[in-house]
Amino acid sequence: MHILITAGPTREYLDPVRFFTNGSSGQMGFACAAAAVDRGHKVTLISGPVNLAKPNGVKFIPVVSAADMAREVFSVFELVDCVIMTAAVADYTPAKPARHKIVKSPGDFDVKMKRTTDILAQLGKSKLDQKLIGFAVQDKNAKTNARRKLVEKNLDAIVLNSPSAMGSTRNDVNILKNSNIRYWTLIENKTKKYIGKQIIKLAEELNKI
């Protein structure tokens with residue numbers, strides 16, 4: 001297969017030196033990319049800013065913002081067989097970023113935010129034969145919200161984890177497939193390298209390889 005994998009956080013700049021981001025380390029996406037190469041697949045890895053070495057054998061595309069991520073994903077989507085969307089893409093970005101560094105002044109400071117493009121939702125609407133594996137980070141009504149995301153965004157499978165997964169080397173995940181939305185598969189207290197291998201096996205199963 002040709003597998004597109006997204007990884008890491010995005011940075012949404014408020015001014016030239018300040019930005020909104022999250023704690024994603026990119027480890028999960030990079031582990032999936034390495035596992036896919038080991039299984040003989042062609043891999044395009046699109047990643048936000050991380051401190052990780054690029055896995056051998058992948059086409060690597062670095063990005064910064066959610067808009068960058070969306071542009072690069074949409075540009076290659078028609079060429080791939082499967083998308084594994086591990087990236088923690090910002091849902092909001094400053095509506096009017098300042099061209100120059102904002103100078104501190106007395107009083108509070110409000111920032112107006114606007115929605116970013118929902119990449120997974122757009123892929124779900126436009127996919128043909130491609131398989132989509134999404135990720136959900138939830139800490140309240142986790143399985144209910146993840147199942148809703150799976151259905152609403154027309155995903156083939158979703159990987160549910162908690163905020164504690166960000167930056168960690170081990171993780172608990174629950175996997176749900178669209179073919180059976182009642183049965184969750186639990187992978188408990190495993191390394192992200194191990195989980196990455198299981199996700200690539202899931203991608204192969206979805207593509208009947």
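**A friendly note on the cores and the sheet**

1. Let's start inside: the largest nonpolar core has 29 residues, and Ile3, Ile5, Ile84, Ile133 and Ile199 have the most contacts within it. Such a core is a set of buried Ala, Val, Leu, Ile, Met, Phe, Trp, Tyr and Cys residues joined through side-chain atoms within 4.5 Å, where buried means under 20% relative accessible area with a 1.4 Å probe, protein chains only.

2. A word on the source: this is a predicted model, in which local features need pLDDT of at least 70 and side-chain atom pairs count only at pLDDT 80 or more, while totals for chains, interfaces and linings use all residues. Residues are numbered from 1 along each chain as its sequence is written, and side-chain values use heavy atoms, leaving out hydrogens and water.

3. Which element gives the core its largest share? Helix H1 does, with seven residues. Helices (H or I, at least four residues) and strands (E, at least two) are DSSP runs numbered from the N terminus.

4. Look at isoleucine 5: apart from neighbours within four places in sequence, its contacts (heavy atoms within 4.5 Å) include Gly29, Cys32, Val43 and Ile84. A second, separate core of 27 residues includes Val63, Ala66, Val80 and Leu155.

5. Now the sheet: eight strands form an open, mixed sheet in the order E5-E4-E1-E6-E9-E10-E11-E12. Two strands pair if DSSP finds at least two bridges between them. Strand E5 (59–62) and strand E12 (180–191) are the edges, each pairing on one side only.

6. Finally, E10 (residues 157–161) and E11 (residues 170–177) pair in the antiparallel sense over four bridges; valine 159 has isoleucine 175 in E11 as its bridge partner.

Terms used:
Buried < 20%, exposed > 50% of the residue type's maximum accessible area, 1.4 Å probe, protein only.
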